[in-house]
Amino acid sequence: MKNAKIVVFPGSNCDTDCERALLQVGFKTERVWHRDSTIEKCDLIVIPGGFSFGDYLRAGAIAKASPIMSEVARHAERGTSVLGICNGFQILLEVGLLPGAMTRNASLQFICGEQWIRHDSNSSLALKKKVLKVPIAHGEGNFRIDDDGLRRLQDHDQIVFRYCNQEGVVSSATNPNGSVDNIAGVCSKNRRVLGMMPHPERACDPKLGSNDGADILRSFLNNRV
Amino acid sequence: MRVRLVIEKKKGVFDPEAKVIETSLLNLGHPIENAGLKKVIEFTLGDMDEETAKEKVAMMCTQILVNPVLEQYHFELIK
């Protein structure tokens, strides 16, 4: 059975949802505390959403000082898949496991609702569908990167998800937060680390509006970002 | 030794919060422009020479206090 670890910080609030969703798709799960300094051998590390350390200084920044993060980096280097969701994505950006940075939504409003995203990477995640419905809930999801960095992401097929409409059309009208190039999720160059603002763990039951998130989490059973 | 560190958005990085402040002041009839919002962090550092203090503060900024993608900083040492 594949083994997933869920990293919990003070202020994480999606760890229970993540655990439930990972169990549902077939993972064995265990939570690890941010002050732990080791993570045992596993197949996937999930950094869930929430407001780690109250978003003080910058969203995700204080997590940099937690002992667990150097262990996450070590695992990523050795080939373990790492998935950061929402605040988990912000943390991965702040610790430098993914390129870019996150700023306040262009509207200045916290946004929360259903969102369509398009799977845009040819070499990441084995998904059944190209266009997925996965909810978003964030105040700082405005992804920024300089022109050279954006070109590198595009050249290396690292843009995994873009915000779109139901038909899969990507445009400024389908961009909920002002992210450059409608970016909703990116992966590392070695394809072991994926960060995404939408919450796949909240889209794992058709009764809740979508089952598309389960497909995303299930793809990690094949150990593939 | 006291450190006064100022962190601000890099030129060209849009700061919607500063823009909203600017707009609200304009709406109140104050003809201002180029509003900017900065963070100020102050702390006390033990006794050391100026060069060492500068190195230590720069290290703190690199490690955690400043996001180099979006922000830049400057600081002063107050004896």
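**Strand pairing in chains A and B**

Guide: In strand 13 of chain A, A:Gly195 is the bridge partner of A:Val186. The model is predicted.

Visitor: What makes strand 12 and strand 13 of chain A a pair?

Guide: Pairing requires at least two bridges, and 3 bridges join strand 12 (residues 183–187) to strand 13, so the two strands pair. They run antiparallel. The hairpin they form has 5 residues between the strands, and A:Arg191 takes a positive phi near 65° there.

Visitor: What makes strand 4 of chain A a partner of strand 13 of chain A?

Guide: 4 bridges join strand 4 (residues 81–85) to strand 13, which meets the requirement of at least two, so they pair. Here the strands run parallel, and A:Leu83 has A:Leu194 as its bridge partner.

Visitor: Which way do the residues of strand 13 of chain A point, and are they buried or exposed?

Guide: A:Val193 and A:Gly195 point one way, A:Leu194 and A:Met196 the other. All are buried, which means under 20% relative accessible area.

Visitor: Why do strand 2 and strand 3 of chain B count as edges?

Guide: The open sheet has 3 strands in the order 2-1-3, with antiparallel pairing. Strand 2 (38–44) and strand 3 (71–78) each have a single partner strand, so one side of each lacks a neighbour in the sheet. From one strand to the next the twist averages 20°.

Visitor: What makes strand 1 of chain B a partner of strand 2 of chain B?

Guide: 7 bridges join strand 1 (residues 2–9) to strand 2, and at least two are required, so they pair. B:Val3 has B:Phe43 as its bridge partner.

Definitions and conventions. Residues are numbered from 1 along each chain as its sequence is written. Chains are lettered from A and ligands numbered from 1 in the order in which they are written. This is a predicted model: local features need pLDDT of at least 70, side-chain atom pairs count only at pLDDT 80 or more; totals for chains, interfaces and linings use all residues. Side-chain values use heavy atoms; hydrogens and water are left out. Buried means under 20% relative accessible area, exposed over 50%, partly exposed in between (1.4 Å probe, protein chains only). Axes are lines fitted to C-alpha atoms, for helices over the stretch in contact, and angles run from 0 to 180 degrees between N-to-C directions.
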